[in-house]
Amino acid sequence: LRPKQVQTLVKRGIPEALRGEVWQLLAGCQDEVTLMEQYRALINRESPYEKYIERDINRTFPAHEFFKESGSLGQDSLFKLCKAYSNYDTEIGYCQGLSFLIASLLLHMPEEQAFCVLVKIMNEYGLRNLFRNGFEELQL
């Protein structure tokens with residue numbers, strides 16, 4: 001496909017079955033081995049935000065089948081990814097809005113890939129600025 005064709009197709013909407021793969025390609029992290037290894041290490045470290053993350057897990061898409069049951073695979077993945085990101089980016093840490101972004105990624109790809117896409121979109125697409133102290137950019 002030519003770039004112009006891709007742009008037109010993306011504007012129409014990426015089919016749900018392909019979203020995870022396309023998002024990884026667009027974020028440039030389809031083969032991001034280093035970030036995946038970091039994720040595996042970060043989930044094993046304690047985070048000062050764990051009690052806040054645990055509290056918010058049940059509040060994140062509570063009606064969605066993947067996240068609605070306590071102790072489910074969805075809630076476990078959401079907890080680990082939130083915890084890993086809070087350890088990865090200590091300036092941002094964790095705030096409630098992150099769990100919805102992370103949950104959306106988890107609906108389309110496995111944890112490790114979701115972590116890579118999260119890191120890329122937070123840093124390279126400017127989403128990180130929305131979660132900085134004071135949420136100044138979010139209020140714009």
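Student: What makes Arg40 count as buried, exposed or partly exposed?
Tutor: Let's start with a reminder that this is a predicted model. Arg40 has 39% relative accessibility. Buried would need a value under 20% and exposed a value over 50%, so Arg40 counts as partly exposed.

Student: Why is the contact of Glu112 with Arg40 called a salt bridge?
Tutor: Set the distance against the cut-off. The closest N and O atoms of Glu112 and Arg40 are 2.5 Å apart. A salt bridge needs a side-chain nitrogen of Lys or Arg within 4 Å of a carboxyl oxygen of Asp or Glu, so the pair qualifies. In general, side chains of opposite charge can pair when their charged atoms come close.

Student: How do you know whether Asp56 is buried or exposed?
Tutor: Its relative accessible area is 1%. The limit for buried is under 20%, so Asp56 is buried. You can find Asp56 in helix 4 (residues 50-57).

Student: What does Asp56 touch, and with which residue does Asp56 form a salt bridge?
Tutor: Leaving aside residues up to four places away in sequence, Asp56 touches Tyr94 and Gln96. Its salt bridge is with Arg59, where the closest N and O atoms are 3.3 Å apart. Arg59 itself is partly exposed, with a relative accessible area of 43%.

Student: What makes Asp89 and Arg128 a salt bridge?
Tutor: The N to O distance between their side chains is 2.6 Å, and the cut-off is 4 Å, so they meet the rule. This pair links distant parts of the chain, 39 residues apart: Asp89 sits in the loop between helix 5 (73-88) and helix 6 (96-106), and Arg128 in the loop between helix 7 and helix 8 (136-139). Both residues are buried.

Student: How many salt bridges does a search of the whole structure find?
Tutor: The search finds 11. Glu32, Lys120 and Glu124 are linked in a network of salt bridges.

Student: Which residues of helix 6 are buried, and what covers them?
Tutor: The buried residues of helix 6 are Leu98, Ser99, Leu101, Ile102, Ala103, Leu105 and Leu106. Their cover includes helix 2 (19-27), helix 5 and helix 7.

Student: How many helices and strands does the chain have?
Tutor: There are 8 helices and 0 strands. From the N terminus on, the elements therefore read α-α-α-α-α-α-α-α.

Student: How do you know whether the chain agrees with a compact globule?
Tutor: For 140 residues, a compact globule would come near 14 Å, and the chain has 15 Å, which agrees. As for burial, 40% of the 140 residues count as buried. Among contacts with a separation of 6 or more, 70% come from residues 24 or more positions apart.

Methods. Residues are numbered from 1 along each chain as its sequence is written. This is a predicted model: local features need pLDDT of at least 70, side-chain atom pairs count only at pLDDT 80 or more; totals for chains, interfaces and linings use all residues. Side-chain values use heavy atoms; hydrogens and water are left out. Helices (H or I, at least four residues) and strands (E, at least two) are DSSP runs, numbered from the N terminus. The radius of gyration is taken over C-alpha atoms; the globule rule is 2.2 Å times the number of residues to the power 0.38. Buried means under 20% relative accessible area, exposed over 50%, partly exposed in between (1.4 Å probe, protein chains only). Contact means heavy atoms within 4.5 Å.
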